[in-house]
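Work through the exercises below with the sequence and the model open beside you. Each task is followed by a solution that goes step by step.

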Amino acid sequence: MVTPEQVKASARPLGRGGPMDCPIGLGCMSLSGVYGDADDAASEALIRAAVEMGVTHLDSSDMYGWGHNETLLGRALKGIRDRVVLATKFGQVRREGGANAVDGRPAYVAAACEASLKRLGVEVIDLYYQHRVDPAVPIEETVGAMARLVEQGKVRFLGLSEARPGTIRRAHAVHPIAAVQTEYSLLYRKEAEETRALTRGLGISFVAYAPLGRGLLTGTVRTPEDVGGRRAQHPRFQPGNLDRNLELVARIEGFARDKGCTASQLVLAWLLAQGEDVHAIPGTRRRERLEENLG
């Protein structure tokens, strides 16, 4: 098993002038029932175990369980908060009976941050993302409000999630953006690599969520019944698509056997080899998967 010292030695900067950070973090969304039932006590134990293993990057959002995830994370980090880069997001708003709305108005930015700080039980958020860009609000206004949070000492670094290159460039002109987060893996590359062509030049780190293809690339999915929660709705898991995708996964498993590692480890190693600007935040509810990912 990989040691905390080895994990620490792998650290790379998160954004230009940002903190040194373990490039394999922990995405916490699945700890709030998004991909099936989760147990709070087990989730808190997993978070604390991750920190003991050397994980420094913990990623949450105010919409993961609509506050549940941040509250859970806050409890788990009592006494060890200073050992992590704590990231969370704002901007998605629940609409009963319909798809989420987005809100990038400056007043909402300030209110959302205050609510997240309270749930997390902290005085400052290390990395604060706009979760989705609000097309009705100029990005300059939203990032201007986020910059004021930095000035007030409530946030250390700013990030954007699912933002297009032109939007990122405009945002970065208002205040330095430390990280951009979007889906990136062997399975899903095109948009991420187009975005990275810009972010690398600006000194912005790229945080890959779903780096294991939402579980598809781990080799543990064999049938549609192996996929639970919201994941089952993704086209990659639909009949016909899944059969073809599993043929590709079998090739990855063959490469992994040749390397003497698991499919997950091969996929994560490929991702981190794309550049020192890349960080990955695979999610899991299981300690053995966390250990495998770090390996």
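**Exercise 1.** Determine which residues Val51 touches, not counting residues up to four places away in sequence.

*Solution.* Taking contact to mean heavy atoms within 4.5 Å, and leaving out residues up to four places away in sequence, Val51 touches Leu58, Leu77, Ile80, Arg83 and Val84. The model is predicted, so that local features need pLDDT of at least 70 and side-chain atom pairs count only at pLDDT 80 or more, whereas totals for chains, interfaces and linings use all residues. Residues are numbered from 1 along each chain as its sequence is written, and side-chain values use heavy atoms, with hydrogens and water left out.

**Exercise 2.** Classify the ring pair of Tyr184 and Trp270, and locate both residues in the chain.

*Solution.* A search of the whole structure finds three aromatic pairs. The ring centres of Tyr184 and Trp270 are 6.0 Å apart and the planes stand at 70°, so this pair is edge-to-face. The cut-offs are these: rings of Phe, Tyr and Trp (its six-membered ring) pair if their centres lie within 6.5 Å, and planes under 30 degrees apart count as stacked, over 60 as edge-to-face and the rest as tilted. Tyr184 sits in the loop between strand 10 (177-183) and helix 7 (190-202), while Trp270 belongs to helix 9 (residues 263-272), so that the pair links distant parts of the chain, 86 residues apart. Tyr184 is buried at a relative accessible area of 0%, whereas Trp270, at 22% relative accessibility, counts as partly exposed. Ring pairs link Tyr184, Phe206 and Trp270 into a cluster.

**Exercise 3.** State how many helices and strands the chain has, and what share of the residues counts as buried.

*Solution.* The chain contains 10 helices and 12 strands. Of its 295 residues, 54% count as buried.

Key. Helices (H or I, at least four residues) and strands (E, at least two) are DSSP runs, numbered from the N terminus. Buried means under 20% relative accessible area, exposed over 50%, partly exposed in between (1.4 Å probe, protein chains only).
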